[in-house]
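Thank you all for making the time this morning.

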Amino acid sequence: MMWTSHPVNKITGTLRAPGDKSCSHRALILGGLATGTSEISGLLEGEDVLNTGRVMAALGADVERVGTGAWRVTGVGSAGLHSPSVDLDFGNSGTGSRLMLGVVAGYPIEARFIGDASLSGRPMGRVLDPLEQMGATYKASKGKTLPLTLTGKADLAGISYQPPHASAQVKSCLLLAGLNANGVTEVGEKRITRDHSERMLRGFGAEVSSRREGAGNVVSIRGGQTLIAQETIVPGDPSSGAFLAAAAMISDQGGVVIEGLMSNETRDGFYRAASLMGAHVGAEDVGDAAGERLIDMSFESADLKGTEIPVDLVPSMIDEFPILAVLAAHASGVTVVKGAEELRVKESDRIKAVVNMLRVNGVEVEETQDGFIVQGCAGAIPGGGLVETHHDHRIAMSALVMGTASQKPISIDDASMIATSYPDFMAHMAELGADLRSA
Ligand code: S3P
C-alpha cells in the first residue's frame, strides 16, 4: 500500500526507542542455546526478530511471549539442537539467517534455510565459505544464495579467518559456529564492526577474547563452552532512533528526545556524522542494559552543512546511509559518501535506491561505485516524488522522514516492510507531529 508524508512545520516530543534489532536477535539465539530459562525484556517485536524466535523454537528451544517485549526462552543446553521438521524461514533478515547458519553448523543436524525475494538475492558465500572450511556442508541456490540446505557437524574444526568484508554478521556467524567447534576460532576483522555478539556471549558466561590489530579487532572463542541462561534487557536501537533524530534536525521547529538508546561506538557513526554536519546532539547517561551503556538523546532543528563522511565511520553507520542521505539533501553544500560498497548488498542495492529516492524528489545526486555525492538543497527539498522502496524498510522510513520537511509531499510505493525492524514507526512519527497518510 502507498503512503504519503505531507510537510509539517513542527516535529516535537519525547519517545522511548524501540528495542535494538541486533541485540534482540542475539538474545533469542543465545537464550535458545543456553542451559536454563532466560527472561528477555524490551525485545524488538519486528518481523525479522520474530522469525529468529520461530526458528529457535523449530530447532528445539522453548520460546514464549509473556507480555509486550517480554519473552521467556528455555534453551536446549547440553541436549543440543535437533533437525527441524519445517524449513527455517528468515523472511527479510540477513542477520537472522547468517547468524543461524553459524549456529546450525555446529550440530549434527540438517536444515533448509529460506527467505523472501530480497533475502534470497543476498550473498551467503561470505559465511558458507568459512563454514565449509570448518567442516559444514551445504547445497545452495545459484550464486550461493537461499534457499539452501546446511548440514552441520558435531566436530567442526576451529579456524582462523579474515573475512574480506567488514561484517558483524560474518564475525558473529563464525563465533557462534566456533562455540561448538574443536579448538579456537579466530576472526580478524578489517575494520571494527558492531560488537554485540562478543558482549552478549560474555554476558551468557562464555569467554571471548578481543584484541586490536590494525583498524579492526581479532576476536576469538574456544569451542565447547556452555552458555548459562540470563536476564536480558534489550537496549534502545540507535538505528531506529536515527529516523526520529533526522526528522527533528530537518524540521523548522524540531525538538525530540529519545529515551533509552544504546550508546556504543560501533553503532553511533550516524550521530557523529550529523554532528560533523552541524547538528546539536545532546546525550545524558541513564544506566546499563545487556552490557551496553544507555543514554537519553536530544535533537533539534539544525543548520546542516554538507561534508565528506570520514571512511572510518562507515561500519558504525552502515545501516544509516539512507537517512544520512536525507540530512545531506536538506543541508547546504555537498556531502560525499565513499568506501560504502557494502550498501550494494543490503536489503536492496542501497546506493541505487538512495540515489533514486533523492532524484525523484528533485535533489541533485551522483551515484558512485562505493557511495554517492549529494548537492544539498539548503533547506528546500522540492519533494513531490514517488519513491520505489524495493522492499527495503530503511528506504521507506527515510523517504517518509524527508517528506516531513520537503516543499511537496513525498510518497512511497509500499510501507509493509517497515514492520521488519520498526513496527511502531508510523505511530511514533505521528506522535511527533508528522502527517503520514496511507493511500
Ligand atoms: C548486523 C550487521 C550489519 C547490519 C545489519 C545488522 C548485525 O550487517 O547491516 O543490519 O546485527 O550483525 P553486515 O554484517 O552485513 O554489515
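Ala-177, if we set aside residues up to four places away in sequence, touches Gly-102, Leu-131, Met-134 and Leu-156. Please keep in mind as we go on that this is a predicted model. Ala-177 sits in helix α6, which spans residues 168-178, and because its relative accessible area is 0%, Ala-177 counts as buried. Gln-225 lies 48 residues from Ala-177 in sequence, and the C-alpha atoms of the two are 12 Å apart in space.

Let me move to a strand residue. Ile-295 belongs to strand β19, residues 292-300, and it counts as buried because its relative accessibility is 7%, where the cut-off for buried is under 20%. What does Ile-295 touch, not counting residues up to four places away in sequence? One group of its contacts is made up of Ile-258, Glu-259, Gly-260, Leu-261 and Ser-263, and the other is made up of Ala-283, Glu-284, Asp-285 and Val-286. For Asp-285, which is ten residues from Ile-295 along the sequence, the C-alpha to C-alpha distance to Ile-295 is 4.5 Å.

A further example comes from the loop between α13 (425-432) and β25 (435-438), where we find Ala-434. Ala-434 is buried, at a relative accessible area of 10%, and, leaving aside neighbours within four places in sequence, Ala-434 is in contact with Val-8, Ile-11, Thr-404 and Met-429. Ala-434 and His-6 are 428 residues apart along the chain, yet 7.6 Å separates their C-alpha atoms.

The domain assignment gives domain 1 as 3-18 + 235-438, and domain 2 as 21-233. The C-alpha centres of the two domains lie 29 Å apart, and across the boundary 27 residues of domain 1 are in contact with 25 residues of domain 2.

Now the nonpolar cores. The largest of them has 77 residues, and those with the most contacts inside it are Phe-270, Leu-324, Leu-327, Phe-372 and Phe-425. Helix α8, residues 238-250, gives the most to this core, contributing nine residues. To return to Leu-324, its contacts beyond four places in sequence are Phe-270, Ala-273, Met-277, Ile-309, Met-317, Thr-335 and Val-337.

Next, two helix pairs. The axes of α10 (residues 321-330) and α11 (residues 350-359) come within 10 Å and cross at roughly 35 degrees, and the crossing is right-handed. Which residues of α10 and α11 meet? From α10 there are Pro-322, Ala-325, Val-326 and Ala-329, and from α11 there are Arg-350, Val-354, Met-357 and Leu-358. By class, this contact has seven nonpolar residues, no polar residues and one charged residue. Helix α11 is mostly covered, with seven of its ten residues buried, and its buried residues pack against α10, β21 (364-368), β22 (371-375), β23 (386-387) and α12 (393-404).

The other pair is α1 (residues 21-33) with α7 (residues 196-203), whose axes also come within 10 Å and cross at roughly 35 degrees, again in a right-handed sense. Here Ser-22, Cys-23, Arg-26, Ala-27 and Leu-30 in α1 meet His-196, Ser-197, Met-200 and Leu-201 in α7, and these residues divide into five nonpolar, three polar and one charged.

I will finish with the backbone. Most residues other than glycine have a negative phi, and most peptide bonds are trans. Against that background, the peptide bond from Leu-146 to Pro-147 is cis, with omega near -5 degrees, and Pro-147 is found in strand β9, residues 145-151. Lys-144, in the loop between β8 (137-141) and β9, has a positive phi near 55 degrees, and Lys-144 is partly exposed, at a relative accessible area of 34%. His-390 also has a positive phi, of about 50 degrees, although it is not a glycine; it lies in the loop between β23 and α12 and is partly exposed, at 41% relative accessible area.

Note on methods: Residues are numbered from 1 along each chain as its sequence is written. This is a predicted model: local features need pLDDT of at least 70, side-chain atom pairs count only at pLDDT 80 or more; totals for chains, interfaces and linings use all residues. Side-chain values use heavy atoms; hydrogens and water are left out. Axes are lines fitted to C-alpha atoms, for helices over the stretch in contact, and angles run from 0 to 180 degrees between N-to-C directions. Helices (H or I, at least four residues) and strands (E, at least two) are DSSP runs, numbered from the N terminus. A crossing is left-handed if the near helix is turned anticlockwise from the far one by less than a right angle, and right-handed if clockwise. Contact means heavy atoms within 4.5 Å. Ala, Val, Leu, Ile, Met, Phe, Trp, Tyr, Cys and Pro count as nonpolar, Asp, Glu, Lys and Arg as charged, and the others, Gly among them, as polar. A nonpolar core is a set of buried Ala, Val, Leu, Ile, Met, Phe, Trp, Tyr and Cys residues joined through side-chain atoms within 4.5 Å. Buried means under 20% relative accessible area, exposed over 50%, partly exposed in between (1.4 Å probe, protein chains only). Domain bounds come from an automatic or database domain assignment.
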